[in-house]
Amino acid sequence: MTAVADYRALAERAGKELADATAEEALRWTADTFGDDFIVASNMQDAVLIDLATKVKPAVDVLFLETGYHFAETLGVRDAVQTVYPDVRIVNAQAEQSVAEQDAEYGPKLHERDPGQCCFLRKVVPLRQTLGKYSAWVTGVRRVDAPTRANTPIVTWDERNGLVKINPIAAWTDDEFTGYLHENGILENPLVSIGYLSIGCAPCTAKVEPGQDPRSGRWAGQSKTECGLHG
């Protein structure tokens with residue numbers, strides 16, 4: 001069997017065995033199985049997933065997609081993570097082109113005219129290139145985030161990127177998530193407290209009105225609901 005086939009089979013077995021695993025159990029399995037060969041993704045809306053991961057592997061690699069369009073507050077959380085978790089290695093994945101170079105080739109504000117293409121260039125491609133160096137990645141995707149994520153498994157095979165994908169907090173409710181965040185004093189992006197409940201790139205993120213779906217602030221007014229990182 002090839003390495004890919006081996007890992008695909010591993011993911012299928014783990015998906016069944018860890019279907020009801022706690023976040024700690026899923027992350028412990030990840031660290032025991034992959035050692036240094038996995039990375040934890042974070043959009044720096046908060047450091048919940050990072051905090052959980054460092055409890056089983058203090059020197060974990062953390063993936064941050066540096067799109068060139070982030071809020072200053074988001075970059076501030078990234079820098080604060082490095083201070084609070086000094087053993088963490090932050091991997092800043094950048095697009096092949098700077099924003100200025102992209103504007104020169106595609107025209108200014110591609111994110112307004114074709115947000116899908118902008119996300120592809122500044123998120124999907126850098127993610128794929130970075131994940132190509134690892135055998136597994138850990139994400140903070142939760143089933144309650146959106147209807148498209150309602151069936152998210154704890155462990156699965158990521159066909160698009162060709163590696164094992166672990167979603168340790170997939171089953172967490174909003175109450176469980178906020179409880180962990182507040183009870184443990186976890187870093188949180190200050191934009192959350194003023195209504196930005198799903199934070200992405202600044203031009204494509206808006207405040208969410210009370211009672212609205214948290215992700216309604218992403219690409220507001222457009223049919224786009226996902227950036228393409230999770231299928």
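**Ground rules.** I number residues from 1 along each chain as its sequence is written, and my side-chain values use heavy atoms, with hydrogens and water left out. Since the model is predicted, local features need pLDDT of at least 70 and side-chain atom pairs count only at pLDDT 80 or more, while totals for chains, interfaces and linings use all residues.

**Entry 1: strand S1.** I began with the strands. Helices (H or I, at least four residues) and strands (E, at least two) are DSSP runs, numbered from the N terminus. In a regular strand the side chains alternate between the two faces of the sheet. In S1, Phe38 and Val40 point one way, and Ile39 and Ala41 point the other way. All four are buried. Buried means under 20% relative accessible area, exposed over 50%, partly exposed in between (1.4 Å probe, protein chains only).

**Entry 2: pairing.** Which strands pair with S1? I found S4 (residues 136-138), parallel to S1 over three bridges, and S2 (residues 61-66), also parallel over three bridges. Two strands pair if DSSP finds at least two bridges between them. Ile39 stands opposite Trp137 in S4. Ala41 has Leu63 in S2 as its bridge partner.

I then followed S4 to S6 (residues 163-166), a parallel pair with three bridges. Here Ala136 stands opposite Val164. S5 (residues 155-158) runs antiparallel to S6, with four bridges. Thr156 pairs with Lys165 in S6. S5 and S6 form a hairpin with four residues between them. In that turn, Gly162 has a positive phi of about 70°.

**Entry 3: the cores.** In soluble globular proteins, nonpolar side chains tend to be buried together. A nonpolar core is a set of buried Ala, Val, Leu, Ile, Met, Phe, Trp, Tyr and Cys residues joined through side-chain atoms within 4.5 Å. The largest one has 43 residues, and Trp29, Val164 and Ile166 have the most contacts inside it. Helix H2 (residues 23-34) gives the most to this core, with six residues. Apart from it lies another core of eleven residues, among them Ile39, Leu63, Val91 and Leu131.

I also listed what Trp29 touches, leaving out residues up to four places away in sequence. The list includes Leu10, Phe34, Val155, Val164 and Ile166. Contact means heavy atoms within 4.5 Å.

**Entry 4: Asp46.** Asp46 sits in the loop between S1 (38-41) and helix H3 (48-54). Is it buried or exposed? Asp46 is buried, yet has no salt bridge. A salt bridge is a side-chain nitrogen of Lys or Arg within 4 Å of a carboxyl oxygen of Asp or Glu. The nearest side chain of opposite charge, Arg142, is 7.5 Å away. The Asp46 side chain does reach the backbone nitrogen of Val48 at 3.0 Å.

**Entry 5: two asparagines.** Asn189 lies in the segment after helix H8 (174-183). Why does Asn189 count as buried? Because its relative accessibility is 1%. Its side chain reaches the backbone oxygen of Met44 at 3.5 Å.

Asn167 is in the loop between S6 and H8. Asn167 is buried too, with a relative accessible area of 2%. Which backbone oxygen does the Asn167 side chain reach? I found that of Pro153, at 2.9 Å.

Note on methods. Lys and Arg count as positive and Asp and Glu as negative; His and the chain ends are not counted. A polar contact is a pair of N or O atoms within 3.5 Å; within protein, one must be able to donate a hydrogen and the other to accept it, and residues adjacent in sequence count only if both atoms are side-chain atoms.
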